[in-house]
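Here is my note on the model you sent. Please keep the structure open while you read the points.

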Amino acid sequence: MHQRGRLALAIGTVATLTTGLLAFNPPPAAAAVAKHYDDFNGDGYRDIAYRNTYTGISGPDGWSGGAVTITYGSARGLNTSRTQVIHQDSPGVPGAGEEDDMFGESLAGADLNKDGYADLVVGNPMEHVGDVQYQGSVTVVWGSASGLAGGTAITPKSNAKGHFGRDLATGDFTGDGSPDVAVIGGGDAWLYRGGFTKSGTTGSVSEIDKAGVGWSSSGLAAGKVDGDGKADLVVLGVQASGTDYNVRAWFLKGTFTGLSSGASKTLAAGQDEDGLNAAVADFDKDGYGDIAVGEPDESNGKGAVNLWYGASSGPSSTRSAKLTQDTAGVSGTPENYDDFAYDVSAADSNGDGYADLAVGVPNEDVNGRQDQGGVHLFRGGSGGLSGSRSSWIPQSVTGSSAAYESFGHGLRLRDFNADGKADLAVAAASSGRVLPGSSTGPTVTGSYELPESGGAFLD
C-alpha cells in the first residue's frame, strides 16, 4: 500500500535490550487515565473491539483491507444496538484500505493520551508502504465521550519494518502513570514509551531483543506478575540453536527506569510453533500474576497451555504446570489439529476472587461434525488451575450444531456490565456470542449474539 497522509509519531532515541535494563528519561507528571483500558467512551463500562467478519474481503460500505467492530458496554452488558465499525477509510484514520491488508489482525487498548478515554491500538501486519511489501502498520484510534474517532500512525523503526503490528500489548511498565505500547515487528519486540499525544509526540522507542542467540519474537502479553504494581511484559517466541528450535517465553520486569530482562522458560523443545498467545492473571489469589501460554501447534496441533506461576521475584523457577485435553478431569480427547489453546483469556467469571482461564479449541470435532469447536473454562482456586475445576462450553450454546464453525477461535473474558463477574465473549466462523458471568461462571441464560464478529478480540 502507498502511504497516504500518515501522521508519524515523533520518536525519541532508540536503545537495544539484550540482558540489561531499558532506561528512559523521566516523564512529565502523570495525569489520571481511564480506569479500564477498554472503556473508549469513558462511561465506566468496558467495551469490546474485535475483527470484523468482513476482514479479508470488501465490506458492505465499500471499504476493504479489514475493519474493527466496537460494541459498547452498559449496565445490561454489551449494547448490541450501539456498535461502530472502524477501518482505514474511516474519517481521520491514516492510510487507505486495500484488499490484501489485515487492519485489525491485532488489537490492544489503553488511555494513551490520559484524557480519561481509552484508545484503541490497531495492528495491520500485512500493509504495504511505498515499495516495502508487508511492512505493516500500527494505528492509534482515539477515544472520546462519543466513542472512537480519528487516528495517528505509529512509525516503525527501520529494523521493525516487516509485519509491524503482528502483535500488540499495552501497560504502564514503569509506573509513571503513562501507558506504553509494545509491538512486534521485524521479528523483534519494540517498546514505545508514553505518553502519547494526538499532535504526534511520544517517549523513546526501545528494541527488545535477545541479541546473538537466534531469538525471534512472535507474541506479547502484559500483566502484573510480581505484585509491585507495575505492569510486566511477556515476550513469546522461538529460539534457534543450530538446526534445533525451542518455543520459549521471556519475562521482562517493569521497573521505574524501564523493562528489566528476566527469566526465560522453554515451553516446547525441538519445535518451531506459530500462534503462541498468553494471558496474565492471578489464578491462585496469592497476589502474584500467573502466566498462561497457549500453544495450539504443540504435538501436531493437539495443543497445550503452559502455566508459569508468579512470585515476588517474577515467574517462579520451580512452580509450573501444563494443561491439555489429556489432563485428568478435562473433557474430550486430544487429537491432531484440535488446536487446544488457539486463544486464551483470563478474568474472574464467578466473583469468587480467583481468576479463571478460558481456552478455545476451535477445531474440535463434536458428534461427528468437523471443526465445530468449543471452550474449556478452568476455574481458579487454591493451588491454581486444574482439570478438576474445568467445564466444557460447546458450540451448541449458540443454538447451532453446524460443522466448521470453529467456535472458540477468539475469546474475551471481561466484566462488561460491572456486576463483579466476567462475561465470556466467544468468536465463531460466522458469529460471536456473549455468555454472562454468574456465580457458577459463564451461563447460557441471557446470552446474546455479537454483531459482525470475525474474532481476534482486543487483548
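In what sense do strand 5 and strand 6 pair, and over how many bridges? Strand 5 and strand 6 (residues 119–124) pair in the antiparallel sense, over five bridges.

1. Ground rules. This is a predicted model: local features need pLDDT of at least 70, side-chain atom pairs count only at pLDDT 80 or more, and totals for chains, interfaces and linings use all residues. Residues are numbered from 1 along each chain as its sequence is written, and side-chain values use heavy atoms, with hydrogens and water left out.

2. Terms for strands. Strands (E, at least two residues) are DSSP runs, numbered from the N terminus. Two strands pair if DSSP finds at least two bridges between them. Strands of a sheet pair through backbone hydrogen bonds, either parallel or antiparallel.

3. Four strands form an open sheet here, in the order 5-6-7-8. The pairing is antiparallel. Strand 5 (106–110) and strand 8 (149–154) are the edges. Each has a single partner strand, so one side of each is left without a neighbour in the sheet. Neighbouring strands of this sheet are turned by 25 degrees against each other on average, direction ignored.

4. Strand 14 and strand 15 run antiparallel and are joined by nine bridges. Leu 233 stands opposite Leu 252 in strand 15.

5. Salt bridges. Side chains of opposite charge can pair when their charged atoms come close. The rule here asks for a side-chain nitrogen of Lys or Arg within 4 Å of a carboxyl oxygen of Asp or Glu. By this rule the count comes to ten salt bridges. The next points take up some of them.

6. Arg 51 and Glu 105. Their side chains meet in a salt bridge (3.0 Å, N to O). Arg 51 is in strand 2 (residues 48–51), and Glu 105 is in the loop between strand 4 (79–87) and strand 5. The two are 54 residues apart. Arg 51 is buried at 16% relative accessibility; buried means under 20% relative accessible area, exposed over 50%, partly exposed in between (1.4 Å probe, protein chains only). Glu 105 is partly exposed, at 32%.

7. Asp 176 and Arg 193. Which atoms are 2.6 Å apart in this salt bridge? They are the closest N and O atoms of the pair. Asp 176 lies in the loop between strand 9 (168–171) and strand 10 (180–185), and Arg 193 in the loop between strand 11 (188–192) and strand 12 (205–208), so the pair ties together parts that are 17 residues apart in sequence. Asp 176 is buried, at 14%. Arg 193 is buried too, at 5%.

8. Asp 228 and Lys 253. This salt bridge has an N to O distance of 3.0 Å. Asp 228 is in the loop between strand 13 (215–223) and strand 14 (232–241), while Lys 253 is in strand 15 (residues 244–255). They are 25 residues apart. Asp 228 is partly exposed at 32%, and Lys 253 is partly exposed at 26%. A network of salt bridges links Asp 226, Asp 228, Lys 230 and Lys 253.

Methods:
Axes fitted to C-alpha atoms, helices over the stretch in contact; angles between N-to-C directions.
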